[in-house]
Amino acid sequence: MLLVVLIVVAVAVALAVAAFLLWRRRRPRVTDVRRDAPTVPAAAAGGLASGLAPTRRALGERLAGLFGGRLDAAFWTGLEEALLAADVGVAAAVGIVERVRAAGPPDAAAARAALRRELAGVFAGRDRSLALRGEPAVIVVVGVNGSGKTTTIAKLAAQLQQRGLPALLAAADTFRAAATEQLGVWAGRLGLEMVAGQQGGDPAAVAFDALQRARARGKEVVVVDTAGRLHSKRNLMEELGKVVRVLGRDGGEVGEVLLVLDGTTGQNGIAQARAFTAAVGVTGIVLTKLDGTARGGIAVAVERELGIPVKLVGVGERVEDLLPFDPEAFVDALLGGS
Amino acid sequence: MRSRGGYSPSRAERGLIAAPGYPAPVVFESLTSRLGAVFERLRGRGRLSEADVEAALREVRLALLEADVNVGVTRSFLERVRARAVGAEVAGSLTPGQQVVKIVHDELVTTLGRETAPLAPARVLPQRILMVGLQGSGKTTTAAKLAWRLKSAGKHPLLVAADLQRPAAVDQLEALGARAGVPVHADRATTPPRLAKAAVKRAGELGCDVVIVDTAGRLQIDEVLMAELAAVRRAVEPDEVLLVVDAMTGQDAVNVARGFLERTDLTGLIFSKLDGDARGGAAISAREVTGRPIKFVGVGEGLDGLEVFHPERMASRLLGMGDVLTLIEKAEAAWDREQAEAAAEKMLRAAFTFEDFLDQLQQVRRMGSLGQLLGMLPGAASALGTAEPSDEALSRAEAIIRSMTPSERRAPKLIDGSRRRRIAAGSGTSPQQVNELLRQFGESQRMMKAFAEGRSPLPGLALPGRRAQKMTPKVTPRVASKAAPKVKKKR
Ligand SMILES: Nc1nc2c(ncn2[C@@H]2O[C@H](COP(=O)(O)OP(=O)(O)OP(=O)(O)O)[C@@H](O)[C@H]2O)c(=O)[nH]1
Ligand SMILES: Nc1nc2c(ncn2[C@@H]2O[C@H](COP(=O)(O)OP(=O)(O)O)[C@@H](O)[C@H]2O)c(=O)[nH]1
Ligand SMILES: [Mg+2]
Ligand SMILES: [Mg+2]
């Protein structure tokens, strides 16, 4: 084993130096997965706005100061920094401020309206409804470690249940200690059925078992929990690919692959969205932990660059703390309302 | 209730985002290459002027923001760099751009804390450690890793499952404790402060000298839960209160760190999930606003995925360059240019033999210890996982190769069973070890091929040079070679 490392290291060091000799630029690959669709009106906005209260206050205070003054260089820098402070990211913040500036607003109020328009424009025109396609409809939940997947599944299952769709839960996180027990507690609380496997077992097998069970029982929805994994780990992403592939077997259909993004995530969120999309075709994003002080601006960057719609937001640890994503409410909250 | 502020999106406005020519995403380039562009015209100046520094700091600012360093923290950080950089002399071997990178790097290291910080010793036995942080940041896993680490160091830790909030949190810690061979104190029918207090007492009975208390994740603005945490703290009287922060955290890291500092008197920070590709600017943010040392970093989900924090590595990672500067310096000092070029070319043709390997090995040796070099390559440590390379094992590989005949070194295929035994005997190793080396050599040839085809040979290993292309002529004027055009033609 040590020898393995050795060679790799020696070669890596040699390669690094070789790289200095070779200086080549690798072209960035831009995965454009934009799929614009007609807007579907979002609902339940009041709840989102209250869940987002801290966001509103923090950014609102900044912007209140800004919008009082004149449109000088400091104003534009301040605007950019306000967006950066919300995790919107350099590319998006600079791009958005540039466009607002180019529109030549006469005063601060106009600049503010233009900014709001610009941000709303990022979120415009995407279908944010959950696709319950397939018999049974399959929803796979993926994401990096600790982002809130399991809790989101509990929340989602509770809401489906309220609409008369008791889901079958698949505990396909066979890796993390007590992950099955965690989902099991939620299943018990909600009175839902769960399919589980062995600790350390094949997650794809658990997912497939659940699918078979759902068919046998005439269940309409299966929600699959997966182990958290860092998107940069190739083998783990391949494992995830297998889970999703298996669910598409024998006429199965995966209607939704939901990527759970922690709302406190910084710019790494873009890499996450890009990698999970490449591996398993993410169809929507769940932005969690917006009940904290983080503003979730990474959603702006992700939608703007990758076009993947944010569908749901998490605003707490209880099952009722999952809301449809309302772009207008989100933008308002980001800008601090009026 | 939500206020709309009179805005409702129209069709035309929705069209905005699909408009052609929308700015493409900025792709992170290493700071070195960015500054290379800034200083294109400034070769060979003696001192950094104010204008030079301003131009450079604009790039530094973007690099830090892209790495998730908080906006406010970035501002004060740049102030410090400005103060140090204006009028600074450009060292003989460096370009102005490199000089600025060096100053930035140094200041980052200073901010991150220069020294590695050990755990505070027990004031009274047992030693008490309290883990705190947001939901999902990695507290439970880190508690178990820490217990495992301390146990390996001859201590007798007790894990305490004081997260009574998250479903199956106790089960999670119990499972991890069992894996680590560390006892876990749990009681589902009490309150966290009482549990923690009882655990300290229990530690005495069990003969445990360290108590590690896992707590439920909570938002720093959650009054009720923060009050509970303060109560746990009073009950435990910890020697260490460690805030576990997810390395992927963005701007909010400052608020979180401040919140926990105020309510729980943090003594240290731990950054988890550094095995990913997040730059980890949150480390700068949290460190700056709390003034507390970063003690460990999490680099994997397993029990062995915890490392002592190294400020240098973190600074390099933040700048996305590995310790490129040092690497350049060392490479320039130690590398035989001709030989390296020849080797590089061979690598690309996958015609690299054990002979070349031996040459490279010696060069690597001249550049320093392996661990040191590895730390300078961005992503290398995490790509290699937890298996720390040892110089001793390197010597073994060398011994094996030295026991081969020149023709065997050039054509390893020749090596059959009897030759293998001979080589093993000659190098004081076993035939299995010889076999392993041969297998791995084949493997590394495959990687070189990947490299030649423009892929990174290791997942997660960024090759610094490929980003820093603009700097080439200035960074390594003596090494910038004829190899480059050759490769270009190939593509
Ligand atoms: N405040 C808050 N906490 C949340 C939210 N969503 C999840 N959490 C908490 O975050 C922590 C991690 O959530 P999990 O659902 O276990 O996350 P996961 O992605 O399944 O984690 P792994 O399976 O370990 O990768 C738990 O303590 C949850 O209660 C949210 O919207 N707000
Ligand atoms: N890749 C990686 N995952 C980690 C690391 N530390 C923790 N995790 C994972 O992050 C998730 C949340 O960790 P946990 O300890 O349960 O967090 P807690 O809610 O703060 O107690 C789990 O899936 C862990 O396996 C790390 O350093 N690297
Ligand atoms: Mg989970
Ligand atoms: Mg925990």
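# Exercises on a predicted two-chain model with two ligands

A:Ala170 stands opposite A:Val224 in strand 4 of chain A.

**Exercise 1.** Determine which strands pair with strand 4 of chain A and in what sense, and state how far strand 4 of chain A is covered.

*Solution.* 
Step 1. Strand 2 (residues 168-172) of chain A pairs with strand 4 of chain A in the parallel sense, over five bridges. The pair A:Ala170 and A:Val224 belongs to this side.
Step 2. Strand 1 (residues 137-142) of chain A is also a parallel partner of strand 4 of chain A, again over five bridges. Here A:Ala137 stands opposite A:Val221.
Step 3. Strand 4 (residues 221-226) of chain A is mostly covered, with six of its six residues buried. A:Val221, A:Val223 and A:Asp225 point one way, while A:Val222, A:Val224 and A:Thr226 point the other way, and all are buried.

**Exercise 2.** Give the strand order of the open sheet in chain B, and explain why one side of strand 3 and of strand 8 of chain B is left without a neighbour in the sheet.

*Solution.* 
Step 1. The open sheet of chain B has eight strands in the order 3-2-4-1-5-6-7-8, with mixed pairing.
Step 2. Strand 3 (184-185) and strand 8 (306-308) of chain B stand at the edges and have a single partner strand each, so one side of each lacks a neighbour in the sheet.

**Exercise 3.** Describe the two pairings of strand 7 of chain B, with the partners of B:Val297.

*Solution.* 
Step 1. Strand 6 and strand 7 of chain B pair in the parallel sense over three bridges. B:Val297 is the bridge partner of B:Phe271.
Step 2. Strand 7 (residues 294-298) of chain B is joined to strand 8 of chain B by three bridges, and these two strands run antiparallel. On this side B:Val297 stands opposite B:Glu307.
Step 3. Strand 7 of chain B is mostly covered, as five of its five residues are buried.

**Exercise 4.** Identify the strands of chain B across which helix 10 and helix 11 of chain B lie.

*Solution.* 
Step 1. Helix 10 (residues 253-264) of chain B lies across strand 1 (127-132) and strand 5 (240-246) of chain B, and runs at about 165° to strand 5 of chain B.
Step 2. Helix 11 (residues 282-290) of chain B lies across strand 5, strand 6 (268-272) and strand 7 of chain B, at about 170° to strand 6 of chain B.

**Exercise 5.** Locate ligand 1 and ligand 2 relative to the chains, and describe the shell of each by residue class.

*Solution.* 
Step 1. Ligand 1 lies between chains A and B. It is surrounded by 26 residues, the closest being A:Gly148, A:Thr151, A:Gly228, A:Gly314 and B:Gln135.
Step 2. The shell around ligand 1 comprises four nonpolar, 14 polar and eight charged residues. Helix 7 (residues 149-162) of chain A contributes the largest share, three residues.
Step 3. Ligand 2 likewise lies between chains A and B. Its 22 surrounding residues have A:Asn145, A:Gly146, B:Gly138, B:Thr140 and B:Gly298 as the closest.
Step 4. The shell around ligand 2 divides into two nonpolar, 15 polar and five charged residues. Helix 6 (residues 139-152) of chain B gives the most to this shell, with three residues.

Note on methods. Residues numbered from 1 in each chain as written. Chains lettered and ligands numbered in written order. Predicted model: local features only at pLDDT ≥ 70, side-chain atom pairs only at ≥ 80, totals over all residues. Near = placed C-beta within 6 Å. Helix = DSSP H or I, 4+ residues; strand = E, 2+ residues; numbered from the N terminus. Nonpolar A, V, L, I, M, F, W, Y, C, P; charged D, E, K, R; others polar. Pairing = 2+ DSSP bridges. Contact = placed C-beta atoms within 7 Å. Axes fitted to C-alpha atoms, helices over the stretch in contact; angles between N-to-C directions. Buried ≥ 20, exposed ≤ 12 C-beta atoms within 10 Å, placed from the backbone.
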